[in-house]
Amino acid sequence: MFDSLSDRLTGVLSDLRGKGRLSDADIDRTCREIRLALLEADVSLPVVRTFIAKIKERAKGAEVSGALNPAQQVVKIVNEELIGILGGETRRISLAKTPPTVIMLAGLQGAGKTTLAGKLGNWLIKQGHTPMLVACDLQRPGAVSQLQIVGERAGVPVFAPHAGTGVGGEGALGVSAGDPVAVARAGVEQARTEQRDVVIIDTAGRLGLDDELMQQASDIRAATDPDEVLFVVDAMIGQDAVTTAQAFADGVGFTGVVLTKLDGDARGGAALSVREVTGQPIMFASSGEKLDDFDVFHPDRMASRILGMGDVLSLIEQAESHWDAQQAEEAAAKIVGGELTLEDFLEQMLMIRKMGPIGNILGMLPGAGQMKDAIAAVDDKQLDRVQAIIRGMTPAERANPKIINASRRLRIANGSGVTVTDVNQLVDRFFEARKMMAQMSGRMGMGGINRRSK
Ligand code: GDP
């Protein structure tokens, strides 16, 4: 996501490194290159203009002095301004004082609304809420059953005009199945009766913008008085995202934006323009078809990622949600003491792999942009092989790898379908890594690592 923009910007900014002072010409050149990078990433022209003007003014101004060197100052300014156009602070959902909180989803057909309804429902459950989905897309054939499938997968109940019998006729609560406004209203009522605390209303989209669509969305909005109207937009549609956003802002109005399909080769322009153009914040980002490919949008983390500074906070959060804190702490203690065993190593590896494909995890580290080729070369299959080798060892061997002599190596290799060289490499590297980790943690005084109080 944002790979080429990130490459360009890190390239431009790293050219400044090593300069004792920056002349106005240096700043002008840098700004010109940043401008080109943004335009190529499909960021809308007015946004680029304002952005560049601010950077230029700040970079040339008195601000460039103090503890940071000139290149660092410029990076700091670009970072702050990027955070600014991405919306500044992370914007959380505003919950209704009296439940249920009503969240309405709007956007073009194919933007990812139905998929999002499931992801959002799943995320809300994890936050301790009791969501319900309401199927108001009565136009697209199959939309209601798609939402039902999504809901089932996410473990969220779905209110539909009348389950399973298709469109038409009188449904649950005597609501006419053809009237999305009535379905929306009845859905909210049902959530109140069932004491569900959040209602997510999935609405119909069209392939293009049209008045009828806007009118319907407006009517649903008026009937349900939502606490949030989320405009869902496919980040891959480039400049069109801005036009569509503007049309929805004028026609229906919304309180927040959800960017979807950030996993595609999106150039990022939508993300960087939509907030400036509509004045509404990006609240969530969707980056895949799975339920978990979804996160709260943090402008500061995204800016950091775009500038190649990594997204360590998201990495830590992901780690925390998948790791067993006690296990991690025990492992850290063993690392410090130089007592890590292959059993521990295997456990750690399994925990890391629960966080997703290894390339995605490494991609969040600072400098990941420069290591892109190396990261792409990391293959989950290599890790499968390491796992197979360790699994082929006896518990005694895992606990005390020193006993793994030549005949044991041969047995392990045969048992796990690899060569003796593979086993040798793994064991040798393990000893080297254990030594290095113990030395590093000793030097850095990391005895307390992982002991963060929660
Ligand atoms: P709707 O018409 O707005 O309800 O859109 P859907 O939820 O049906 O999504 C349209 C298509 O986009 C489906 O094939 C989804 O699986 C896919 N999709 C939705 N969100 C994402 C995403 O974040 N990444 C990717 N790669 N595909 C997505």
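User: At what angle do α5 and α6 pack?
Analyst: This is a predicted model, where local features need pLDDT of at least 70, side-chain atom pairs count only at pLDDT 80 or more, and totals for chains, interfaces and linings use all residues. Residues are numbered from 1 along each chain as its sequence is written. Helices (H or I, at least four residues) and strands (E, at least two) are DSSP runs numbered from the N terminus, and axes are lines fitted to C-alpha atoms, for helices over the stretch in contact, with angles from 0 to 180 degrees between N-to-C directions. The axes of α5 and α6 lie 9 Å apart, at an angle of about 25°.

User: Is α5 roughly parallel or roughly antiparallel to α6?
Analyst: Their packing angle is about 25°. Angles under 35 degrees count as roughly parallel, over 145 as roughly antiparallel, 65 to 115 as roughly perpendicular and the rest as oblique. That makes α5, relative to α6, roughly parallel.

User: How far apart are the end C-alpha atoms of α6?
Analyst: The expected span of a helix is 1.5 Å times one less than its number of residues. With twelve residues (143–154), α6 should span 16 Å, and this agrees with the distance between its end C-alpha atoms, 16 Å.

User: How wide an arc do the buried residues of α6 cover?
Analyst: Ala 143, Val 144, Leu 147, Val 150, Gly 151 and Ala 154 are buried in α6 (20 or more other C-beta atoms within 10 Å of a residue's own; exposed is 12 or fewer, partly exposed in between, with C-beta atoms placed from the backbone). They sit on the same side of α6, because their arc, taken from the directions from the helix axis to the C-beta atoms, is only 120°.

User: Is Asp 42 buried or exposed?
Analyst: Asp 42 is in the loop between α2 and α3, and its phi is near 75°, a positive value in a residue other than glycine. With 22 C-beta neighbours inside 10 Å, Asp 42 counts as buried.

User: And Gln 195, buried or exposed?
Analyst: You will find Gln 195 in the loop between α7 (180–193) and β4, with a positive phi near 55°. Having 9 C-beta neighbours inside 10 Å, Gln 195 counts as exposed.

User: Which residue does a cis peptide bond join to Pro 99?
Analyst: Most peptide bonds are trans. Here omega is about 5°, and the cis bond joins Pro 99 to a residue in the loop between α4 (70–85) and β1 (101–106). That residue is Pro 100.
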